[in-house]
Amino acid sequence: MLFVSLPLLTGWERQRAYARTTGLQGRLSLATDESGLRFQGATFSSEIRWAHFHKFIEDDESFLLYSSPQVFHIVPKGSLSVGEIEGLRALLERNIAGTR
């Protein structure tokens, strides 16, 4: 019973924390270059060097950039053009050691 309820509880806690953190909701911008990436929202900005990430995974909807086995940043593809997706993929492959 514990093994079944633990993932549900964890998911519920994540949703609740996101709902309470209004600064992370809304439109975000992403800028990338050879040194790293920069996220910016209405109330924050964050710069992260490529060395911070140890791998990335790509699926049909997003890129996941891992800074540890449990912590990752999500870059959704929905707002990106085909060219931007291809450019980001190439940048990630050049700068993050472990891929896919």
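This is a stop-by-stop tour of the predicted model shown above.

**Before you start**

Numbering runs from 1 along each chain as its sequence is written. Because the model is predicted, local features need pLDDT of at least 70, side-chain atom pairs count only at pLDDT 80 or more, totals for chains, interfaces and linings use all residues, and side-chain values use heavy atoms, leaving out hydrogens and water.

**Stop 1: the whole chain**

Show the chain as a cartoon. Its secondary structure comes to two helices and seven strands. Helices (H or I, at least four residues) and strands (E, at least two) are DSSP runs, numbered from the N terminus. Along the sequence the pattern reads α-β-β-β-β-β-β-α-β.

Now colour by pLDDT, the predictor's confidence in each residue from 0 to 100. The average is 83, and 78% of the residues score at least 70. Select residues 2–20: helix H1 has the lowest confidence in the chain, with a mean of 59. Helix H2 (residues 82–95) has the highest, at 96. Residues 1–6 have pLDDT below 50, and beyond near neighbours in sequence this stretch makes zero contacts in the model. Contact means heavy atoms within 4.5 Å.

Of the 100 residues in the chain, 23% are buried. Buried means under 20% relative accessible area, exposed over 50%, and partly exposed in between (1.4 Å probe, protein chains only).

**Stop 2: the nonpolar core**

Select Leu-37, Trp-50, Phe-53, Phe-63, Leu-65, Leu-92 and Ile-96. Of the 14 residues in the largest nonpolar core, these touch the most other members. Such a core is a set of buried Ala, Val, Leu, Ile, Met, Phe, Trp, Tyr and Cys residues joined through side-chain atoms within 4.5 Å. Strand E2 (36–40), E5 and H2 each give two or more residues to this core. H2 gives the most, with four. In soluble globular proteins, nonpolar side chains tend to be buried together.

Centre on Leu-65. Leaving aside neighbours within four places in sequence, its contacts include Leu-37, Trp-50, Phe-53, Val-71, Leu-92 and Ile-96.

**Stop 3: Ser-62**

Go to strand E5 (residues 62–66), where Ser-62 lies. Is Ser-62 buried or exposed? Ser-62 is buried, with a relative accessible area of 10%. Beyond neighbours within four places in sequence, it contacts Ile-57, Ile-74, Val-75, Pro-76 and Lys-77.

**Stop 4: the largest pocket**

Select Leu-28, Phe-39, Ile-74, Val-75 and Pro-76. Of the 25 residues lining the largest pocket, these lie nearest its centre. On a 1 Å grid over the protein atoms alone, a pocket is an open set of points where a 1.4 Å probe fits, with protein on both sides within 12 Å along at least five of seven lines; lining residues have an atom within 4 Å of a point. The pocket holds about 980 Å³ of space, counted as the space filled by probe spheres set on the points, which are joined across faces, edges and corners.

Strand E1 (29–33), strand E6 (72–76) and H2 each supply at least two lining residues. E6 gives the most, with five.

**Stop 5**

Select Ala-31 in strand E1. Ala-31 is partly exposed, at 33% relative accessible area. Leaving aside neighbours within four places in sequence, Ala-31 contacts Gly-36, Leu-37 and Arg-38.

Finish at Glu-93 in helix H2. Glu-93 is partly exposed, at 39% relative accessibility.
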